[in-house]
Amino acid sequence: MTVLQTWKQASWKLKTLVIVGGLYLLYALLGFLVAPGLVQSNAREILADLTGREVVIDEVKINPLALSATINGFAIKDEQTEVLAGFDSLYVNFQLSSLFRWSWYFDQIAMDGLTLRARRNPGSAFNFDDILAHIEARAEAEPEEEPAPVADGDAALPSIAVGELVLTNGDLRFTEAAGKAPHELILPIAFDINNFSTVAKDSESNDYAIRLEGPDGGVFDWAGHFEFSPFIANGRLQVEKVDLVSLAKLGQEQVRFTVPSGELDLEAEYAFTKAPEAKLMITGGRVGLRNVALQKPGEDTPSILLPGIDVSGIALDTLAQTVLVPEVNVTRPEITAVLEDAGVDLATLFLPPDEERADQFKEQVKEKAQEAAERIVEAETFWKVTLDTLAVDGSTLRFIDRTLSPARTVMLTEGDYKLTNLVVGEDAPFQWQGSGKLAGEGVLTHSGEGKLAPLSITSKASLSDLPLATFSPWLERDMPLSVASGKLGLDVDAQVAGDAPDVTLNASATVEGLNVLEQGRPLLKANSTALKGLTLSTATQQVQIEEIGLTGLDVLHQIDSQGRDTATRIESGTSSSSSAGGAASSGDEKPWQVAIKRVRLVGSQVRHEDLTSSPNFRIGLYQLSGMITNLNTRPGSRANLDLKAQIDRYAPFSIKGVISPEPLYSDMTVALENYEMTSLTPYTGLYLGYQVEKGQLGVQSGVSIEDNHLESKSDILADQFYLGEKVQSDEAVKVPIKLGLSVLRSPGGEIRLPVTMSGDLDDPSFSVTGMILKVLTNIVVKAATAPFSVLAGLAGGENLEQIQFDPGSAEVGQGTSSSLSALAKVLSEKPDLQIGLIGTTSAADRTALAEQLIGMDMDGEDWEGIEVALESSSQRRKLKRRYEKMTDQDVESLITDPLPEDDEEADRLLARAAWDSMVPREAAAISGEQLVELARLRSENAKAVLVQQLGVAQSRVYLNESKVDGEVSGLTLTLGK
């Protein structure tokens with residue numbers, strides 16, 4: 001029987017069974033043998049067309065009996081990373097029971113060896129950018145189709161369920177190649193999701209567990225549960241010992257630091273619901289950082305070192321918009337700020353290395369910070385953020401200034417800080433307290449409380465034993481000054497409030513053992529400086545100080561050998577950046593008002609040295625004590641001075657009065673007693689040409705300034721002031737200065753000089769010091785060069801430089817005797833003076849001697865003068881005869897005009913003409929010996945009167961060589977010492 005016959009004879013049941021078996025066999029053959037090839041080639045072609053990349057599928061296996069498929073060796077190729085995406089194997093097991101569940105049900109989906117590899121190249125170009133561009137181009141090339149309307153019932157997720165969704169041996173790889181050297185981060189990944197369903201049926205559906213292991217031991221565990229309709233998710237996220245070094249390398253081209261060490265722990269529980277409103281809640285959150293270091297390239301130590309940070313109890317509610325951080329603990333942090341020419345490095349540490357990008361980043365941060373600050377101030381923050389406690393223990397803040405040479409470091413160590421109840425978004429007060437050590441010895445404590453909105457902060461701070469010498473290098477850089485020692489103490493109460501904000505300070509300060517040097521030389525010392533009752537207000541722009549107390553102040557002002565005083569040297573040695581003082585303030589800006597109620601000086605001294613003089617001049621105000629009150633920068637306010645001191649430790653000195661800087665006003669009295677003038681030898685040698693032998697100086701002076709006009713009256717007393725040895729000086733006055741002082745000196749050895757000054761301080765040529773020197777010099781020089789004009793006051797106003805005698809006579813007449821009496825009085829008042837008498841003659845003496853000679857010839861001792869002789873005819877006759885005998889001429893020849901008709905009148909006229917002609921002839925004939933004798937007799941007779949009659953010591957009067965044919969008929973006086 002043939003097969004056909006057999007088939008025809010078979011029952012329908014057998015035929016049905018054979019057909020089904022055949023179909024099943026065909027299905028099996030197609031599934032095992034045909035389908036894998038079709039799937040492999042079609043999938044490869046479709047994916048290659050979609051991505052524009054080469055796609056590799058090594059093998060596809062399909063088990064039609066088990067409804068499972070396996071794909072081995074899948075990869076989307078990449079020129080840079082070899083593989084962009086791929087896996088070693090994918091196993092999918094579909095369950096036929098899906099037909100009865102009305103859903104797609106997979107018993108298992110398992111993938112092994114998944115790898116996803118991304119690479120960022122320079123210019124932020126990624127290795128998958130070409131795929132995105134290819135897909136976008138395909139989308140643009142395809143015609144747009146109207147999307148079919150979706151009914152409400154069709155909008156739900158399709159029902160899909162997976163009994164077990166597993167990933168093993170996977171990894172995520174990211175290569176950062178935008179910088180100088182590529183860095184690759186590999187994160188192993190594995191997860192297991194059980195009972196996955198888009199429509200959860202029970203609480204055990206859609207549970208999942210994901211685990212990532214870092215390259216250096218870090219672990220990422222994420223376990224939870226989710227549902228789709230409605231969408232909810234909850235679970236727990238935990239990260240342990242994540243090495244931050246590898247993570248930081250990915251962003252090393254975005255910041256200016258590296259992370260040489262550091263680990264991160266993070267854990268939190270979360271719950272998300274979408275209905276009725278989207279809400280995310282995080283509870284039990286904790287963040288931990290260990291040994292985190294941020295270090296600038298090229299530095300030996302980290303800029304920021306955080307041995308331990310623990311943030312615990314974090315809670316977040318997006319619906320309520322609240323964040324709660326119960327506790328933050330920071331242990332032994334170290335922060336190092338380095339100042340270089342470009343600025344402080346911490347300010348740029350988190351900026352991109354590229355300057356243009358850095359500027360953009362700074363602007364963005366500035367704008368966001370401004371917006372946040374405005375919201376805080378206006379209490380418009382959308383979220384409420386609460387920090388219950390922030391505690392910092394054992395912190396170290398280090399400041400290194402490399403703009404100095406060598407670099408200098410200042411540290412705040414042992415820093416403890418605790419902040420409580422800081423709330424952003426709610427009107428709640430916060431508090432803080434802290435302490436630390438500054439510069440090794442300074443003890444700092446601070447505390448306070450406040451609110452952020454509206455801003456209101458009250459704080460207290462105390463600082464003690466801060467060594468000021470630590471900060472000397474910064475002073476030395478800008479000025480030729482240094483601080484050798486000194487410790488600062490400070491107590492401050494501060495209030496900050498308002499939008500501006502307004503700052504109010506109440507403070508007191510002390511500085512003990514201050515020692516400031518100028519280029520290594522002493523400049524200023526103070527045993528104790530105390531500032532009490534300081535009040536500062538930015539709202540009123542006022543500073544008020546109750547008292548500044550200076551005890552043991554010692555100031556040295558020195559004029560160096562080049563003639564520069566202390567202020568000039570400091571100004572010339574001040575750096576240009578310091579002297580610039582920043583931008584000039586606007587002329588419309590309200591000036592600050594500073595008021596000091598009193599400045600108290602106790603046991604202080606101010607010394608002055610002038611090294612330009614030889615020997616060097618030194619003077620000092622010692623035991624300086626007193627008070628200055630009511631100092632105020634307010635225009636028109638006047639301060640009171642009352643200071644006392646001992647000049648060079650023995651001479652009492654005081655200054656008392658009222659002063660005002662604006663407008664300039666002064667009404668002061670200055671007093672000095674018993675100052676030893678031997679200290680003035682450097683100046684007397686320079687300007688007078690002599691050393692000081694002895695003497696004491698006293699000054700009583702009144703000085704007033706008003707409307708920029710100075711008036712001064714001074715009484716200067718030089719007691720027993722005598723000059724000693726001569727000193728060679730080209731600047732010394734060329735006058736007999738010792739004589740001038742003798743002229744000024746009283747019988748008791750006192751020299752009193754009244755000095756009056758007046759001048760306009762607006763006149764650039766006016767100088768107070770110059771005026772004083774000019775007045776004093778003029779007085780002494782006048783006394784030396786014109787002593788008799790100075791002595792005229794003692795002589796009743798008479799100038800005794802010349803004493804007149806009767807012409808032709810050496811006898812001391814009444815007028816001469818009166819002058820000699822006045823001279824004797826002067827000598828009694830000026831016991832140091834000696835007088836020189838110079839007998840002198842003049843033309844009047846020649847005439848007088850000639851008249852005497854003619855008279856003797858005429859009438860001997862009985863001659864009574866020409867007027868009497870003209871009344872006697874016999875005497876007239878003798879005169880005419882003597883003329884005719886002398887000249888051998890007739891007397892009538894002397895008269896050219898006609899003689900009077902009256903004979904007696906004519907005779908008298910001829911006798912007068914004879915007399916007038918003979919006298920000049922006889923005067924010219926007088927010999928020098930006769931004149932010298934007359935002059936000598938005059939000086940001898942004057943000395944005799946002074947010594948014998950007026951009681952002048954003989955040793956104080958000396959005779960000088962006589963002079964003839966001068967201007968004086970009598971005596972010319974000289975003074976000597």
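Which strand is Ser-528 found in? Some notes on that and a few other spots follow.

1. Ser-528 sits in strand β25, which covers residues 521-537. Keep in mind as you click around that this is a predicted model. The side chain of Ser-528 makes a polar contact with the side chain of Glu-512, at 3.2 Å. Leaving out residues up to four places away in sequence, Ser-528 touches Val-511, Glu-512, Gly-549, Leu-550 and Thr-551. So Glu-512 turns up both as the polar partner and among the residues touched, if you follow the definition of a contact as heavy atoms within 4.5 Å.

2. On confidence: the protein averages a pLDDT of 84, and 87% of the residues score at least 70. One stretch to treat separately is residues 151-155, where the pLDDT is below 50. Beyond near neighbours in sequence, that stretch has one contact in the model.

3. Another serine, Ser-666, lies in strand β32 (residues 665-676). Is Ser-666 buried or exposed? It counts as buried, because its relative accessibility is 5% and the cut-off for buried is under 20%. Again setting aside residues up to four places away in sequence, Ser-666 touches Val-658, Ile-659, Val-703, Ser-704 and Ile-705.

4. Helix α11 runs over residues 737-744, and seven of its eight residues are buried, so the helix is largely enclosed by the rest of the structure. The buried ones are Ile-737, Leu-739, Gly-740, Leu-741, Ser-742, Val-743 and Leu-744.

5. Helix α14 (residues 814-829) passes a simple length check. With 16 residues at 1.5 Å a residue, it should span 22 Å, and its end C-alpha atoms are 23 Å apart, which agrees. Its buried residues are Thr-816, Ser-819, Leu-820, Ala-822, Leu-823, Ala-824, Val-826 and Leu-827. If you want a reason to look for a pattern in a list like that, an α-helix has 3.6 residues a turn, so residues three or four places apart point the same way. What covers the buried residues of α14 includes α13 (787-791), β36 (802-804), β37 (834-842), α19 (928-949) and β40 (970-976).

6. How many salt bridges does a search of the whole structure find? It turns up 46. One of them joins the side chains of Glu-546 and Lys-597, at 3.2 Å from N to O. This pair links distant parts of the chain: Glu-546 is in strand β26 (residues 542-551) and Lys-597 in strand β28 (residues 593-610), 51 residues apart. Glu-546 counts as partly exposed at 32% relative accessibility, and Lys-597 is also partly exposed, at 47%.

7. Arg-938 and Asp-845 meet through their side chains in a salt bridge of 2.4 Å, N to O. Here too the pair links distant parts of the chain, with Arg-938 in helix α19 and Asp-845 in helix α15 (residues 843-859), 93 residues apart. Both Arg-938 and Asp-845 are buried.

8. Arg-908 forms a salt bridge with Glu-871, and the closest N and O atoms are 3.8 Å apart. Arg-908 is in helix α18 (residues 903-925), while Glu-871 is in the loop between α16 (866-869) and α17 (873-887), 37 residues away. Glu-871 is exposed, with a relative accessible area of 56%. Elsewhere, salt bridges that share partners join Arg-236, Glu-263, Asp-265, Glu-267, Glu-269, Arg-286, Arg-290 and Asp-310 into one network.

Terms used:
Residues numbered from 1 in each chain as written. Predicted model: local features only at pLDDT ≥ 70, side-chain atom pairs only at ≥ 80, totals over all residues. Heavy atoms only, no water. Helix = DSSP H or I, 4+ residues; strand = E, 2+ residues; numbered from the N terminus. Polar contact = N/O pair within 3.5 Å; in protein donor to acceptor, adjacent residues only side chain to side chain. pLDDT = per-residue confidence, 0-100. Expected span 1.5 Å × (residues − 1). Buried < 20%, exposed > 50% of the residue type's maximum accessible area, 1.4 Å probe, protein only. Salt bridge = Lys/Arg side-chain N within 4 Å of Asp/Glu carboxyl O.
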